Amino acid sequence: MTVNTAEVLAKVPTGLLIDGRWVDSVSNETLDVTNPATGETLATLASASEEDARRALDAAAGVQAKWAKTPARERAEILRRAFELVTERREEFAALMTLEMGKPLSEARGEVDYGAEYLRWFSEETARQYGNAFRSPDGTTNIITRRKPVGPCLLITPWNFPLAMATRKVAPAVAAGCTMVLKSAKLTPLTAQYFAQTMMDAGLPAGVLNVVTGKSASAISGPVMSDSRLRKISFTGSTSVGKTLLKQAADNVLRTSMELGGNAPFLVFEDADLDQAVDGLMAAKMRNMGEACTAANRVLVHEDVAEEFIEKAAAKLKEFTVGNGMDESVTCGPLIEESAVENLVALVADAKDKGAEVVVGGNRLEGDGFFFEPTLITGVTPEMRVVKEEIFGPVIAIQTFSTEDEALSMANDTEYGLGSYAFTEDSDRLWRVADGLEFGLFGANVGAFSNAAAPFGGVKHSGMGREGGAEGLDEYTEVQYMCVRNPY
Ligand code: NAD
């Protein structure tokens, strides 16, 4: 069932959310949001200035102490109601994401379910913030540990998963008792606006969540990050921006969670179930048109099965229907913007120049919107850009290997360490490969591993900290150790 587009867009607040009210920017600047499938303007929002960002932090800092004292049960129930409301509004959220980001409706619905799970998971975790109590080893004191909210947080989200990237941060912050300034991506702010309204509808008190999105990200993050009232930044986005923010965070010694870029290896061993591996590759690569930090970027296939695997993968890839994601029959939507298409054109040209062969697709699609054909290239070698960089599009780039050691060394030959995948029917090999891969996430015979109950995050230049699972709540709490004299 799809919803009426105009009716959904009319429900999205167009202002900045500051202290519980949707308000205009003091600068009166605005921001247009474009549909990447058509190039049409979907909505015009207030664009936050430096002063708006400061006002948002004023609101968050102003209610922090009171919010921290709210009983955990109360915060849990707000999250539970938010879970129910997002689920009730599933079709509206899905339509918004497809309209502003391009993903097919079926995938947008999947993201609503996945994003809502963070609200449910953390509603359940809210009351389970245990500490510890024990006698000190010398017997003179008692050691008591308690969890406290970190304090006001700046949350910055990317455009590729407009709902899930917000719920993954907002839900644990609410659970811990932190207040927030959320800055969503300017390319896809509508979903976050409607989500913030949904949090208010669920009973979140004024000032706890403030939303300021605008044309200039640094104009918003700069004044907030240098303010001593801010205590944490949680960022999801590119490694280059993450590094800039880490440097800024150092000046104010902020707690940091950094969910950055990836360059996931996808290993197919000679003993793999090839049909299962092809299905896994479609999930790991084609989800979100390949615009995912966990997207299979370097597909490494054992030379003995490469020909058969390529044939099967090419056949599957040809089944994708490219078009406007609002059309229920479409399985591959547009890319986010023109520069993303241009980047893919350049990546494929570079691979061809260096000797790769295009087996499927390889071209942009002319006409309205930002479309690129599902593409498969073979004969890929390590000096090609498709190996070194995040492809962030529907391009499968296949390399071959001959031994397990070679596969592992190729897989680890990257500065990134987020997602990784391997397909093999040999369980001993699976454990060896898990030990050998330097990545925070490992899919063993599966092409999709995201789960609100699991800790998501990377190592090396893919960042630090974890979102989801019990670990996701720790990111928003500080441990206080109380030393209590033993009276006898
Ligand atoms: P981006 O780094 O360009 O932007 C991310 C966010 O940061 C946006 O809200 C943007 O407005 C903001 N931003 C940009 N420059 C800034 C600055 N100087 N100061 C403060 N904020 C700034 O990334 P993107 O293009 O939106 O997203 C794609 C990237 O995100 C990819 O590299 C992808 O791998 C990564 N990503 C990582 C995860 C993860 O969980 N590790 C998840 C999704 C996406």
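**Ligand shell**

The model is predicted, so local features need pLDDT of at least 70 and side-chain atom pairs 80 or more, while totals for chains, interfaces and linings use all residues. Residues are numbered from 1 along each chain as its sequence is written, and side-chain values use heavy atoms, without hydrogens and water.

Helix 6 (164-176), helix 8 (217-225), strand 10 (232-236) and helix 9 (239-251) each give at least two shell residues. I then listed the residues around the ligand (a heavy atom within 4 Å): there are 28, and T157, W159, S238, L260 and E390 come nearest.

Domain 1 (5-260 + 462-481) and domain 2 (264-444) both contribute to the shell, so the ligand lies between them; the bounds come from an automatic or database domain assignment.

For polar contacts (N or O pairs within 3.5 Å), I noted a ligand oxygen 2.9 Å from a side-chain N or O atom of R168, and a ligand oxygen 3.3 Å from a polar backbone atom of G237. A ligand nitrogen is 3.5 Å from a backbone N or O atom of E259. I also noted that the ligand taken alone exposes 840 Å², of which the protein buries 85% (Shrake-Rupley method, 1.4 Å probe).

Terms used: A polar contact is a pair of N or O atoms within 3.5 Å; within protein, one must be able to donate a hydrogen and the other to accept it, and residues adjacent in sequence count only if both atoms are side-chain atoms. Helices (H or I, at least four residues) and strands (E, at least two) are DSSP runs, numbered from the N terminus.
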